[in-house]
Amino acid sequence: MARLFDIRILTIAGSLLCLILGLAFPWSKTPIIVGLCFGIATLGVAAMVRAGQVSFGHAMYACIAGYTVAFLARAWPQLDGLLLILAGVGASLFAGAIVGVFVVRYRGIFFGMLNLAISMVLYSVIGKFYAITGGTDGLRINRPTLLGIEFERAGFETVLLVGTLLAAIGLGILVQRYFQSASGEALAGIKTNETRLEYLGLSARRVLWDGYLFSAGLVGLSGALFALVQGLVTPDIGSWLRSGEFVFIAILGGSGHAIGAFLGAAVFELVKLFAAAYMTGIWQMLLGITLIVVILVAPEGIVGLLMKKSALATPRRKSPWGTRREENKWTP
Amino acid sequence: MKGNHVKSLHARLGALVAGMSLLFAAPALAQGAKPAELKLGITTFSSGPASVFGVPAKAAAEQWIEEFNAAGGINGVKITPVFIDEGLGGDKLLTEYRRVVQEQGVKVMLSAISSGNCNIVAPVAEDLKVLNVMWDCGTEKLLEDRRYKYVVRTQANAVTEMVATVVYLLKTKPDFKTIAVVNQDYAWGRDSWEIFRNTLQALKPDVKVVAELFPKFGAPDFSTEISRLQALKPDVILSTSWGGDLDTFVRQAGQRGLMKSSLFVLPLAESSAERLGAALPEGVIIGARGDHYFLHPELKDEPKHKAFVEKFRARTRSYPIYPVYHMVAALQAVADGHNKAIKANKGQWPSTEQVAGAMHGLEFKGLTRAVKIREDGQGLEDQLLGMTRNRAGYAFPVMENMMIVPADLVTTPVGQKSPEWVKTLKPDVLKSDRIKVYAK
Amino acid sequence: MDALIRTEGLSLSFGGVVAADNIDFRLDVGERLAVIGQNGAGKTTFINICTGFLKPTRGRVWFDGKDVTGMEPRHIVRFGLGRSFQLPQLFLDHTVRQCLEISAAARQGRLSFFKPLAQSVNRREIEHTLELVSLRERGSELASSLPEGQRKLLDVAMALMLNPKLLIMDEPTSGVASEDKHDLMATLMRALDERKVTSWFVEHDVDIVSRYATRVAAWIAGKVAADGPPAEVLASAAVRREILGTA
Amino acid sequence: MSFELLMLAAADGFSYAGLLFLVSLGLTLIFGVQGILNVAHGSLYAFGGYTAATLAIWAAEKQAPTWVLLAALVLAALVVGVILGGILEIGLLRRVQDKDPVLQLLVTFAAFLIFEDLQRLIWGVSPYSSTEVVSRLGNFDIFGITYTAYQLLLIPAVAFGVYLGLLFALRRTRLGKQIIAVTHHREVATALGINARKIGLIAFIMGAFLGALGGALAAPTTSLVPGVGTDMIVLSFSVVATAGLGQITGALITALLIGLARSVAVYTVPELEVAVPYLIMVAVLLVRPNGLFTVAQARRI
């Protein structure tokens, strides 16, 4: 219970901080929403990390949802923002379901590479069909109504901030429940032993497909929100670097608990904001150094560090990738 | 226990918020009182491929502001620049933009280089009621689609540039039959080609477009495109590319003799010439997106211009390129706009709204001929183009056979849409006596 | 009475190596079979074919009256065939208790998405099974922290959680110190007896074979060379010469 | 598409494939020995290119003979390979050796981010290039199209030479055999008395050298700008994954395939040019999950 209690406090404190900062400094609403979006996407990627699979193409679901929002909003400007978001998530779930059928057959590097390849195809095609997609400059989205109400920029951002925050908390709880459910624990079993899963009468591919669908939906939601808050979608939201950033944040935050995704995203955004304001030109270097320090000092991420401090933490071996030079090794 | 936690948390949060407000809060200004300084936000690329423009422009801004402040500033108020990197991407740019406006009390922004970024910041500037001077981006659509109160552009737009390029091409080589284009695959490459093609079809309908190639932005290799162009043998090859892409294309085309068989038209190549050096052959039509050049036929010996070029060279070890001139133009316009508004305000320091009003209709002179900002916020900047020639004293080809096309002749009039307007152009425009040609 | 598992003409060869050579075999309910044979004789291959891990090149397998030839392990397991492994196949990042919980949840078929794992299984059953294989006090530790012997027990326990009709154990005592082997076997057999599970285990130790098996089958070069009561098989000449090396 | 066009496309594809192969070869070699997919490989490409351009500009200013210009390119790649490769391997990868492959991969991702900014701090943002050597080697015509000898002959020749040299070294030299032993089974090789650590370092530096060599050979024809390594890394990933990890001959064939398919696309469906390598990769992986040239391994249980 002590651990849960800590995380609750952390969640409440973090949420209050988001709200207070957002209301006190209007400019900070967008970075906070963006940070929460990154957190939501990372929740999805973290689910894959728990299964020992690292995808370098998950940003494609943000891209699919974002472009769905943009296409719909441009075709029917009267559509409500909430509907647009739902449609975006629906599209990413649909794509995830189909792509999932193929990628769940792959593990380790090939899982990462196949996702990467598919996302790169999408990325290049979107960048190329200028007439339809606006090419690399993307598509602008006019501010839609939210729940039937038309907002000015400030009001729109406040509603999005509150909405995204609530979604983040809700999804965080939901994903944490999923992690601890039979299905979620079986998903983590893919990392360590698929043979056993099969000999328990379970289909490892099906378990992974479920998780994949989850993650596609989460990344999709983040993409839809991101598109709305930016008022713009570009192919860059689906680039491999963005996928890499999600993995980066997942490792930074740690996949031991759903809150890690948000802690990681917060650190990531803060480093970027700090660099943008005070150390223009070397923000990538700062991010790189942060990542190396985290990997060397706390390979289980910020959550791992916090859990180590709390006495009742369940120990978890640090091993998010299937092919490990140890037990259960594939041999010729 | 729990209560304590929450309480101390609240206390801590309260302190944090209070602290941060102190950190970011701007001193409130009484209407009409002279501020201690004029904070000027400038967005420019310090990272990414477009930093070939952003970095020299930043150096120019620093140089100009130093001198300007030393000479007393605007009515005694000094300019303090705050630079923002556009290379961070649209979302981070917008965040920074709003941070400096809403927290640091910046009232005037110079933004942006990228047309995409101009599209992002313009509506935000209007919402925040901050004067936004688009100092380098070329998209003409922005000011045609909507009338802005707080957004102006101090230089020409893509239509002015492309129509002037067609004019130069048709006046120097009236009889070509085929043309091919190799542009970067993004909005500028696509849109500039559309304007160019429509203009060309209006002025010389018999030209055949034999290839439209759009290699991806940042492509490292154009071998295949060059082979295809060699097979097609077009009379003219247009490329509005810039930066590393243009350098690579020119270099590979030159290495393979393509520049001997076709006439190249490179409207942005002035900014690459010094880098390319001997790799840029003679006889290429190049432009500079405006009425400025360090060897400007009318202004090269003007003391102000000459002194600037020398100082800039001493500072950066290179000749000024077009974004440098655009930066100076924007800064000059901001200074002049303030002075105009102060005069209109009976010597009192003006509100941002008054300055924005004064910017519309302002006529100012940076390092170019005078530029007038129209009532729709669009600047009328004449266009200078020329042909490359090697000349003693320069390690790279410079422009000769220069021509200056007056802006109002080749810019969409207020209230009209460019795609329709360029189609109404008549070949008579080529005969205008207002187009000045400088032999040599 | 029908056989629990039966094979007919089961054959498999990789490249030029014949790993299973036309094997006809049956096992009835209530039997406790020990399989002996040299390394490479095809004991594990035969298990792998019967449980669906490998597909035979020829022949058929019936389990509990159903033709399961060529089915995936997960389908065959659902008919009531449990298996443990020579290299224990555990969820090393999970605790010992969680390993059993996942097994128990898997037995129910559909995995729930939002109900916590511990609440979706019968807690008493888990604790009882832990008790049965003497792993109760290590229940909250990570499976990866167990020594080899206890890993073997957990491996068997995970298969047992499925309430199988037949449990196949591939070398349950290998890698275990010889003085602990009897304890381990005693624990296992107690668990099997309690649940009345028919079983089949691969074993090298003659002592253990003669003590715990009701029937012995000897594998030589992909074939069943001898099959019958322990005393008879262990005494046969071929087995003594080829397997025990005591001829 | 006529035969003539196909030949033209082939000619363009060759040079591109040559560079792609060199970079991918380095990546696949490092993967084979170290089991690490090195994301920072793109930075090695970029640093190789920048260093080569710097050296070549300097040599060209001194009116150095052509062979010196060529040697400068190789020297640049060597310097980058040894220094950066050494720093990466000793300074970073060794520290995460016992950690998960995904953490190792992310460490190289972090290194990539750092190098990206470092490169800008060193060389600035202006495009960098030195074309002297290309003009010195001259041009020739095929089907009325002018090609540079540098692109059409030298780069493919170097790439093929490196391929043959590496195969020979791996099969015939002591070091090569040790590298193969470590690739196949690190533990067994160590038990046999091979210093796997040293071999790992040497192989890493060789791989880094090849990545840098790709950049160095590209420098005379392209312009080096910030971000030049980013595209190269994903492309070489796609070559390596399509071929199968650790497959040297496979990488050669795949690089050729991608190079040719890409030029054919420019002639026929230019919209797909950028997507072509990834379409090939998706298609191959769907049919052969471990890449074109890897034989699937069974798992022992």
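The legends below describe close-up views of a predicted model.

**View 1. Thr187(C) in its helix.** Thr187(C) sits in helix H6 of chain C, an element that covers residues 178-195. With a relative accessible area of 10%, Thr187(C) counts as buried, because the cut-off for that class is under 20%.

**View 2. The surroundings of Thr187(C).** When neighbours within four places in sequence are set aside, the residues in contact with Thr187(C) are Leu132(C), Val133(C), Ser134(C) and Leu153(C). One of these, Val133(C), is 54 residues away from Thr187(C) along the chain, yet the C-alpha atoms of the two are separated by 6.1 Å.

**View 3. Confidence along chain B.** Chain B has a mean pLDDT of 90, with 92% of its residues at 70 or more. Residues 1-30 of chain B, however, have a pLDDT below 50, and in the model this stretch makes 23 contacts beyond near neighbours in sequence.

**View 4. The fold of chain D.** Chain D contains twelve helices and two strands, which follow one another along the sequence as α-α-α-α-α-β-β-α-α-α-α-α-α-α. Its radius of gyration is 19 Å, close to the 19 Å given by the globule rule for 301 residues, so chain D is as compact as a globular protein of that length. Of the contacts in chain D between residues at least 6 apart in sequence, 78% join residues at least 24 apart.

**View 5. The interior and surface of chain D.** Among the 301 residues of chain D, 61% count as buried, while the chain exposes about 10,800 Å², of which carbon and sulfur atoms supply 68%. Chain D carries 17 positive and 14 negative side chains, and the centres of these two sets lie 18 Å apart.

Key: Residues are numbered from 1 along each chain as its sequence is written. Chains are lettered from A and ligands numbered from 1 in the order in which they are written. This is a predicted model: local features need pLDDT of at least 70, side-chain atom pairs count only at pLDDT 80 or more; totals for chains, interfaces and linings use all residues. Side-chain values use heavy atoms; hydrogens and water are left out. Helices (H or I, at least four residues) and strands (E, at least two) are DSSP runs, numbered from the N terminus. Buried means under 20% relative accessible area, exposed over 50%, partly exposed in between (1.4 Å probe, protein chains only). Contact means heavy atoms within 4.5 Å. pLDDT is the predictor's confidence in each residue, from 0 to 100. The radius of gyration is taken over C-alpha atoms; the globule rule is 2.2 Å times the number of residues to the power 0.38. Accessible areas come from the Shrake-Rupley method with a 1.4 Å probe; for residues, only the protein chains shown count as cover. Lys and Arg count as positive and Asp and Glu as negative; His and the chain ends are not counted. The place of a charge is taken as NZ of Lys, CZ of Arg, CG of Asp or CD of Glu.
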